[in-house]
Each structure stands twice: as structure tokens, then as C-alpha cells.
Amino acid sequence: MTYQWDFSPVLMRWPLLLDGLLNTVKIAAIAILFGVMVGLVLALLRLSPRRYLRLPAAVFVEFYRNTPPIVHFFWFFYALPVVLNISLDPLVAAVLALSTQSGAFYAEVFRGGIQSIERGQWEGARALGMSHTQLMRRIVLPQAATRMIAPFVERSFELIKTTALASTLAYGELLYQAMMVNSETFRPLEVYTAVALLYLVLLVSCSALARLAEARLVAYR
Amino acid sequence: MQAEPLSMPESTLPPPILQVSGLHKWFGSLHVLRGIDFSVAAGERVAIIGGSGSGKSTFLRCLNFMEMPTAGRIALDGTPLGRAAAGRPDEVRYPEGELCQVRERVGMVFQQFNLFPHMTVLENAMEGLVTVKRMKKAEARERALRELDKVGLGGKTDVYPGRLSGGQQQRVAIARALAMEPEILLFDEPTSSLDPELVGEVLRVIRQLAEEGRTMLLVTHELGFAYHFATKVIFLADGVFHEVGTPDEVLKHPRQERTRAFLERFTEFSF
């Protein structure tokens with residue numbers, strides 16, 4: 001027997017899917033923003049000469065690198081109310097899970113970029129009498145930034161795809177909306193094919209934007 | 001904390017700017033500098049020679065704290081730098097602010113130039129003035145241009161270092177250091193990574209600085225240049241000053257067997 005593809009019931013419910021897509025973009029954008037902030041702080045802590053700053057940051061990063069993201073989602077959404085009596089709305093719980101997790105990964109991106117700057121650059125700056133803060137701001141970070149772009153974009157794409165886990169908290173992002181459409185249409189093949197295409201369009205446009213930004217940033221070479 | 005007086009040999013020269021006493025440097029289990037006493041006064045030009053691994057670069061790099069001394073003290077204008085831990089005179093801590101001040105006054109030119117690739121030639125020469133000395137941009141620009149003119153690169157101000165030859169890059173690095181108006185300039189094998197035909201242009205700039213009477217320390221393999229450049233030559237071997245004297249004494253009439261053997265390896269091919 002051959003399967004009869006029929007997208008029309010799915011296409012009829014496009015406002016539901018569009019809603020999901022917008023919510024996916026929203027949650028990803030917020031999580032990237034906070035993730036970058038968390039990542040910057042963690043990276044600077046990990047590069048600190050002081051052990052009592054380095055160590056907790058390393059533990060944080062290792063924890064998130066070595067545990068599955070869905071556990072973080074469950075923890076923020078289901079465990080916090082029980083343990084600390086804090087109830088979070090699904091969006092907040094998902095953003096917290098995503099930004100702490102991606103923060104840990106961004107930290108490694110930033111740290112890698114900073115450490116890839118040759119020793120001579122640090123010495124050249126120090127020899128002029130620059131403080132650590134000055135040499136970071138003027139010499140190391142501007143050069144490291146251009147080397148961070150590719151791994152940063154890579155991590156952000158992982159994050160965008162991980163937003164699908166927010167569906168497990170009943171947050172109405174793309175995958176959750178798809179499940180709703182599915183329960184009404186009983187057309188899982190069509191629904192999830194449509195969802196895959198929507199993710200594809202979203203990520204391909206993001207990578208086009210990223211390439212544009214990269215071309216701008218490395219223009220000096 | 002007590003500032004212990006530094007015992008230094010009497011000298012007819014003006015009071016030393018920089019004094020080193022009992023300097024030791026360990027890299028892990030490797031004992032690179034084994035007790036060095038040294039001082040440099042205004043107007044002195046010191047050439048430091050020695051085989052590879054003798055510790056000559058390490059010694060130079062300790063003077064502006066590119067390397068931290070393992071033991072010993074360094075004094076600037078008679079004031080010892082850093083603070084010794086209570087009861088442990090060998091454990092000296094150096095606050096960052098103090099290190100920055102020393103480095104502002106003791107400039108360095110590296111073997112690998114270490115120019116900032118994301119800045120133009122002019123921005124490289126201005127960077128220390130604007131960021132460290134907090135000078136106004138217009139003023140910094142003027143001074144940077146003056147130094148770039150002096151090293152013969154006044155016409156390359158808007159070029160990025162990646163477009164320059166090694167010799168040109170090193171001259172920019174010299175201008176960058178000069179712009180800070182350091183009291184002492186350290187040169188760490190400034191021509192060692194240059195193609196032979198580019199060595200001359202860099203040495204000419206250094207000779208010009210010598211004629212101006214600047215205080216300089218130079219680690220080099222260019223013995224001929226060292227002879228004409230220096231007021232004092234130090235032969236370093238196994239982490240100690242093996243022989244110290246005028247260029248004539250050390251390079252032409254060495255008293256130590258080891259110095260002679262070292263110099264012979266250099267003269268083998270001269271004709």
C-alpha cells in the first residue's frame with residue numbers, strides 16, 4: 001500500500017504553527033542573550049588567576065556539559081517548586097534552563113577564542129604597561145571576537161534546536177504547536193514534515209545573517 | 001614590610017636606574033638564572049651575549065617582569081619592587097599597578113615584533129599613549145607620527161602590520177616603544193627573526209638611538225654590532241655573568257676560556 005500524503009488539514013491550521021515559530025524565535029533570542037551574558041561571566045572567571053574564582057566556574061561548566069538538557073528543563077520546572085517553593089512559568093523555566101546550559105557552552109567558546117590569541121600579543125600589550133583589563137579590552141578581545149564567530153554560531157544553532165524541549169513544559173513553541181495540530185488532524189507525517197521545513201527555513205536564514213555579520217567583522221584583514 | 005638596602009658595587013657612573021640583586025629564575029626544575037647582580041645607569045648601553053639556553057633572554061625578560069623572578073629583588077631608582085611575604089624574603093608579591101608602572105618606564109622590543117594586527121601602524125604607535133598614559137588622541141597622534149618618522153615609516157601610517165616586511169614591522173615596534181618615552185629600552189634579539197637583508201635597517205635605527213644617548217640593553221647574536229653599540233658587554237653562560245667588561249675587553253681580549261670558545265664559533269666563518 002502507498003501512503004496518501006495530504007497536507008491540507010495541516011496547512012489549514014497554519015496560524016497555530018506560525019504562533020509556534022514565533023515563540024521558538026522568542027525563546028531562542030532571549031536565551032541567546034542571557035546565555036551570552038552567563039557565558040562571558042563564566043569565561044572571565046575560568047581565565048582568572050584566582051583559583052577560588054576558577055574552580056566554581058569549571059564545576060558549573062562541567063555540570064552542564066555532562067548532563068542532558070532535558071534534565072535541566074525538568075529541574076527548573078518541576079524540581080524548583082518542590083525544593084525551593086518557587087513556581088516558574090514555562091517560558092521562564094525554559095529560558096533559565098537554556099541560558100544556563102548554553103552559557104556553559106558559550107563560556108568555552110569565549111575561553112577558546114581568548115586563549116587562541118598568541119602569547120606575543122599579551123606580552124606586547126603588557127610591555128606597554130597595560131593592566132589586565134586594558135589588554136583584554138584593547139588587544140585580546142577584539143582579535144578573539146573574530147575567531148569566536150564560527151563556534152558561536154554553531155552553539156547558537158544547537159540552542160535553537162534545543163528550544164524544542166520547551167514543549168515538554170507545555171510551552172507553545174513550534175514543536176508543542178505541532179503536537180496540538182497533530183492531535184486535531186491525526187496527520188503526524190505531514191505535521192512533522194512541515195515542522196522540519198520550518199526549522200530549516202529558520203536556521204538557513206539565521207546562517208545567512210551570521211555570514212553577513214562575519215564578513216563585516218573581519219573586514220580589516 | 002622593610003625595604004632591605006641593596007648592596008651594589010661602587011661606580012663612577014650616575015646613580016643606577018635599575019638594580020638587580022641575587023636574581024634566580026627556575027622554570028620547573030630547570031635553574032635558568034643562578035644568582036645575578038646587575039645595575040644599569042642612565043646612558044649605559046649593555047650588550048648581552050651567550051649561547052642559546054644560556055639564560056640571556058630570560059634575564060632581559062625579568063627586568064620588565066615578562067618573567068617573574070623566582071628569587072632576588074629588582075629596584076627602580078633605589079626602591080625595591082614588590083613586597084616580600086612576612087618571614088619569607090624569597091616570596092615576593094608584585095601588585096599589578098606596580099608592574100604596569102615599571103613597564104611604562106622600561107620599554108621592550110621583541111624578537112617577534114608582537115605588533116597588534118588589528119590596528120594600523122599609527123594606531124599601534126599610539127596605543128600605549130592613549131590607553132596607558134591617557135593622552136589626548138591628537139597629542140598621541142603627533143608623538144606617534146614623530147617616532148614613526150624617526151624609524152623611517154612616516155609614509156606607512158595607515159597600513160596594517162600584516163602588509164609590512166619583517167624589518168618594517170620591527171621598526172614600527174621600536175617606534176611603539178619609543179613613543180612611551182621609556183627611560184630604559186630592552187631589545188630581545190631584535191634581528192633574529194629577520195631575513196639577512198633586513199637586519200641592517202633595524203640595526204641602523206638602534207645605532208641612531210645609541211647616538212642619542214639612550215639607555216639600552218640588547219640581547220643579540222650580532223657580535224660586530226654589539227662591539228660598536230655597547231658601553232658594556234656581558235657574556236652569560238649557565239645562568240651567571242661569566243665575563244663582564246668593555247666591548248674591547250670581552251669581545252677582543254676575553255680572559256675566560258669559555259668566552260673565547262664562544263667567540264671562536266662566531267669568527268670561524270668571517271673573512
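At roughly what angle do the axes of helix H2 (residues 14-46) and helix H7 (residues 132-162) of chain A cross?

**View 1. Crossing of H2(A) and H7(A).** This is a predicted model: local features need pLDDT of at least 70, side-chain atom pairs count only at pLDDT 80 or more, and totals for chains, interfaces and linings use all residues. Residues are numbered from 1 along each chain as its sequence is written, and chains are lettered from A in the order in which they are written. The two axes (lines fitted to C-alpha atoms over the stretch in contact; angles run from 0 to 180 degrees between N-to-C directions) cross at roughly 135 degrees and come within 10 Å. Helices are DSSP runs of H or I, at least four residues; strands are E runs, at least two.

**View 2. Residues where H2(A) meets H7(A).** A:Ala28, A:Ala31, A:Ile32 and A:Gly35 face A:Ser156, A:Leu159 and A:Ile160 (contact: C-beta atoms, placed from the backbone, within 7 Å).

**View 3. Contact between chains A and B.** Chain B gives 20 residues and chain A 17. On chain B, helix H2 (96-105), strand S8 (106-109) and helix H3 (121-132) each supply at least two. The chain B side holds nine nonpolar, seven polar and four charged residues.

**View 4. Residues 191-213 of chain A.** The span is 100% helix, with its end C-alpha atoms 33 Å apart.

Conventions: Contact = placed C-beta atoms within 7 Å. Nonpolar A, V, L, I, M, F, W, Y, C, P; charged D, E, K, R; others polar.
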